[in-house]
Amino acid sequence: MSMDRREFLKAAGLSAVAGLGAKGAFDLFMPGDVDASEHEGHSEHGEGHGGMAEAGPKVRLAMAIDVLQLKDHSKVDKIRAACDNAHNIPHWDSKDDEIKWIWEDEYEHVFPDSHNEYLADEVRELPFLLMCNHCDDPPCARVCPVEATFKRPDGIVAQDYHRCIGCRFCMAACPYGSRSFNWFDPRIPLKAEGRKLNPRFPTRMRGVVEKCNFCVERLAEGKKPACVEACPDVMIYGNLADPNSKIRKVLRERVSLRRKLELGTKPSVFYLV
Ligand code: SF4
């Protein structure tokens, strides 16, 4: 059953802003004042914490994607399906209308500035998974005229769909093509496919931009991002600001790449190769 905005707000308990208490739902849509300790608590899921303090924010959530694991293409499908189902993402026939939260592309397109004719075929032929980079300096947030896109204190670049006016400035500003515009009502293909919708996440409407939200709604409930839950050996998330976190450990041990570093946006998604 699809859920309209009013139903979602009711289910999420936003009425509790008036006094009943629903911090998770509030965090989901309001420019954040998230207590860093909430995210340190995610070490229960394996990221680890409690190391020496480093300069900068206490929490900067990030994702490392083990691309070598994606030789098994069933993992790509599993990860994409987990995100699609968690967020009621519609499937359109035309590429032009596609709504992309996490999608697949090849090395040459992902790292166009790192052309290397001697690159190992093994890497060249790997499927790379792309998502919002949750940049430390997000150009999309700078250009949004209504602050519908904003960076939370935990580093997640979030978006308030209800505030979005569909100007698409953020799409023009994002150098990673991580944002999609709903040219048509996304509920049409969802209904046509007979998809079982996640009643805990709102369907969007025509004229709104959307993207990967780092599963803020799941983090607020103490869960892992859906893609991490689907394939924890591929998707490794954690606190970049914590030197003892699982993501920092894997970044110390493996070679990693980030997209378009020369632009200075400081992406928070790493590709392990
Ligand atoms: S973090 Fe959540 S929203 Fe982002 S790609 Fe993974 S499942 Fe999708």
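Reply: C215 sits in the loop between β7 (209-210) and α10 (216-219); helices here are DSSP runs of H or I with at least four residues, strands are runs of E with at least two, and both are numbered from the N terminus. Keep in mind that this is a predicted model, where local features need pLDDT of at least 70, side-chain atom pairs count only at pLDDT 80 or more, and totals for chains, interfaces and linings use all residues. Residue numbers start from 1 along each chain as its sequence is written.

C215 counts as buried because 25 C-beta neighbours fall inside 10 Å. The cut-offs are 20 or more other C-beta atoms within 10 Å for buried, 12 or fewer for exposed, and partly exposed in between, with C-beta atoms placed from the backbone. The backbone at C215 also stands out: its phi is near 55°, a positive value in a residue other than glycine. Most residues other than glycine have a negative phi.

C215 is also one of the closest residues to the ligand, along with C83, C212, P225 and C227. In total, 13 residues surround the ligand, where a residue is near if its C-beta atom, placed from the backbone, lies within 6 Å. By class, this shell has 12 nonpolar residues, 1 polar and no charged ones. Nonpolar here covers Ala, Val, Leu, Ile, Met, Phe, Trp, Tyr, Cys and Pro; Asp, Glu, Lys and Arg are charged, and the others, Gly among them, are polar. Two helices, α4 (73-87) and α11 (226-230), each give the shell at least two residues, and the largest share, 3 residues, comes from α4.

E147 lies in the loop between α7 (139-143) and β4 (149-151).

Moving on to a strand, β8 (residues 235-239) is mostly covered, with 5 of its 5 residues buried. Strand β1 (residues 61-66) runs antiparallel to β8, and the two pair over 5 bridges; pairing takes at least two DSSP bridges between the strands. Within that pairing, A62 stands opposite G238 in β8.
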